[in-house]
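Reader: I have a model open in my viewer and would like to learn how to read it. Could you walk me through it, feature by feature?

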Amino acid sequence: MSQPATDAEIRQGLAEILEEIADVDPANATDDKSFTDDLEVDSLSMVEVVMAAQDRFGVEIPDEDVQQLKTVGDAVSYISKRQK
Amino acid sequence: MSFSLPTILPGRGARVVALGHYQPSRIVTNAELSSRIDTTDEWIRSRVGVRTRHIAAPEESVTDMATAAAVKALEASGLAASAIDLVTVATCTPVIPLPNVATQVAAALHINAPAAYDINTACSGFSYALATAHHAILAGSARHALVIGAEKLSDWTDWNDRTTCVIFGDGAGAAVVSASDTEGIGPVVWGSDGVQGSTLRVESRDGKIQQDGQKVFRWATSSLAPIAMSACKQAGIEPAELAAFIPHQANVRIVDLIAGKLGLGAAVVARDIIESGNTSSASIPMALSKLTEQRQIPSGAPVLLFGFGGGLTYAGQVIASP
């Protein structure tokens, strides 16, 4: 990706990934939502979401960091920082 | 079906000519596990895909299961036991370190003086063992080989660990591989990544299988499809031309994700994990034997075998279905 994505674009992209992999309604994928508790993304689907986000946004998200990404907002800010 | 595999030595090849499998009679359902530990049928089916698994009796050994599968494959081949000159058993769960399982199987079947060796590359073991038998035949060191994958994972399972005990099962599968003037086994693509070895492990002799499920899942779903494609390329075939894809039955989600990345056409994708659980090195020959028995794969059609797992190790090759 030549231009870093804006936070809004990252949020939108994550919502699309979550819908495709874990059948999450995009309207529900807001910053305050927990992947596991609110959106019911199981641990293996979370791995798939992370791998799809890596491909889409061109960032590395190592296993150690995945644990810290509790909410959609955590992931948006993580990807946003890593892009730059 | 017009499909031919590349030959290494002109006029010299090997083919899988017969198959057999054996599973213990005791079937453990998700309902039974749910009554003993904190899990549910829904959780197991959605995370792993298993509905039932076969569990060996306490006195039933890896050797017993390997022998039972080998008897069936040998019968199906029409060969006499005396014709076998190589026996190899892929297993990571032998009860004792010596004698090895292969010599015990040979003795039980009255196979006289074969080359007999075990291979431990865990879940990729059958493809490794098949490759070594193939190479031995090409080199003129054997003519008729018995290649077996057999596991009693229940011995090494912590039945109180709900993250692992729902996954595994016991069983064995066997193939007879014979010298042929045409090639029926493609080049093996094999390798390992020992740096990640601790993600799937038994820590001591009295230990049980432990795994970092998410790490293994990530490795399996991100690194393996290109290797499976490479096995097709080495065999000179497109994934779209495969009649069947028989990956190690690790987890139904891993099976489906890898299959989805390959660009398969009408290939049958083995999903025996649903009824058999993950049986490590036995999973590929069991699934292949069942699909062949059910006539879901035409004779001579190209089939991709692809093992991966503990080590971490992987190996795959395209074969012509018997």
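Predicted model: local features only at pLDDT ≥ 70, side-chain atom pairs only at ≥ 80, totals over all residues.

Reader: Which residues make the contact of α6(B) with α7(B)?

Author: From α6(B) come B:Phe217, B:Ala220, B:Thr221, B:Leu224, B:Ala225, B:Ala228 and B:Met229, while α7(B) brings B:Ile254, B:Leu257, B:Ile258, B:Lys261 and B:Leu262. In classes, this gives ten nonpolar, one polar and one charged residues.

Reader: Now the sheets, please. How do strands pair in general?

Author: Strands in a sheet pair through backbone hydrogen bonds, in either a parallel or an antiparallel way. Here, one open sheet of five strands in chain B is ordered β8-β14-β13-β11-β12, and its pairing is mixed. Its edges are β8 (189-192) and β12 (268-269) of chain B; each has a single partner strand, so one side of each lacks a neighbour in the sheet.

Reader: How many bridges join β8(B) to β14(B)?

Author: Four, and the two strands run antiparallel, with β14(B) covering residues 313-320. As a landmark, look for B:Gly191, which stands opposite B:Tyr314 in β14(B).

Reader: What is the strand order of the other five-stranded open sheet of chain B?

Author: Follow β1-β7-β6-β4-β5 of chain B, again with mixed pairing. At the edges stand β1 (13-22) and β5 of chain B, and each has a single partner strand, so one of its sides is left without a neighbour in the sheet. Ignoring direction, neighbouring strands here are turned by 15 degrees against each other on average.

Inside this sheet, nine bridges join β6(B), residues 144-152, to β7(B), residues 170-180, and the pair runs antiparallel. One bridge to pick out has B:Ala150 partnered with B:Ala172 in β7(B).

Reader: Which helices pack on that sheet?

Author: Helix α4(B) does, touching β4 (86-90), β5 and β6 of chain B, with its direction at about 130 degrees to that of β4(B). Helix α9 of chain B, residues 283-293, lies across β1, β6 and β7 of chain B and runs at about 90 degrees to β1(B).

Reader: How do α3(B) and α4(B) cross?

Author: The axes of α3(B), residues 62-77, and α4(B), residues 101-108, come within 9 Å and cross at roughly 50 degrees. That angle is why α3(B) is called oblique to α4(B). The crossing is right-handed. On the α3(B) side are B:Val62, B:Thr63, B:Ala66, B:Thr67 and B:Ala70, which meet B:Val101, B:Gln104, B:Val105 and B:Ala108 in α4(B). By class, the contact has six nonpolar, three polar and no charged residues.

Reader: Is B:Asp118 buried or exposed?

Author: B:Asp118 counts as buried because 26 C-beta neighbours lie inside 10 Å. B:Asp118 belongs to strand β5 of chain B, residues 115-119. Leaving aside residues up to four places away in sequence, its contacts include B:Val89, B:Pro94 and B:Val101.

Reader: Where should I check the backbone for cis peptide bonds?

Author: One runs from B:Leu98 to B:Pro99, with omega near 0 degrees, and B:Pro99 lies in the loop between β4 and α4 of chain B. Another links B:Gly311 to B:Leu312, with omega near -10 degrees; B:Leu312 is in the loop between β13 and β14 of chain B.

Reader: And which residues other than glycine have a positive phi?

Author: Two to visit are A:Asp23, with phi near 60 degrees, and B:His110, also near 60 degrees. A:Asp23 lies in the loop between α1 and α2 of chain A, and B:His110 in the loop between α4 and β5 of chain B. A:Asp23 counts as exposed because it has 11 C-beta neighbours inside 10 Å; B:His110, with 10, counts as exposed as well.

Methods:
Residues numbered from 1 in each chain as written. Chains lettered and ligands numbered in written order. Pairing = 2+ DSSP bridges. Axes fitted to C-alpha atoms, helices over the stretch in contact; angles between N-to-C directions. Parallel < 35°, antiparallel > 145°, perpendicular 65-115°, else oblique. Left-handed = near helix turned anticlockwise from the far one by under 90°. Contact = placed C-beta atoms within 7 Å. Nonpolar A, V, L, I, M, F, W, Y, C, P; charged D, E, K, R; others polar. Buried ≥ 20, exposed ≤ 12 C-beta atoms within 10 Å, placed from the backbone.
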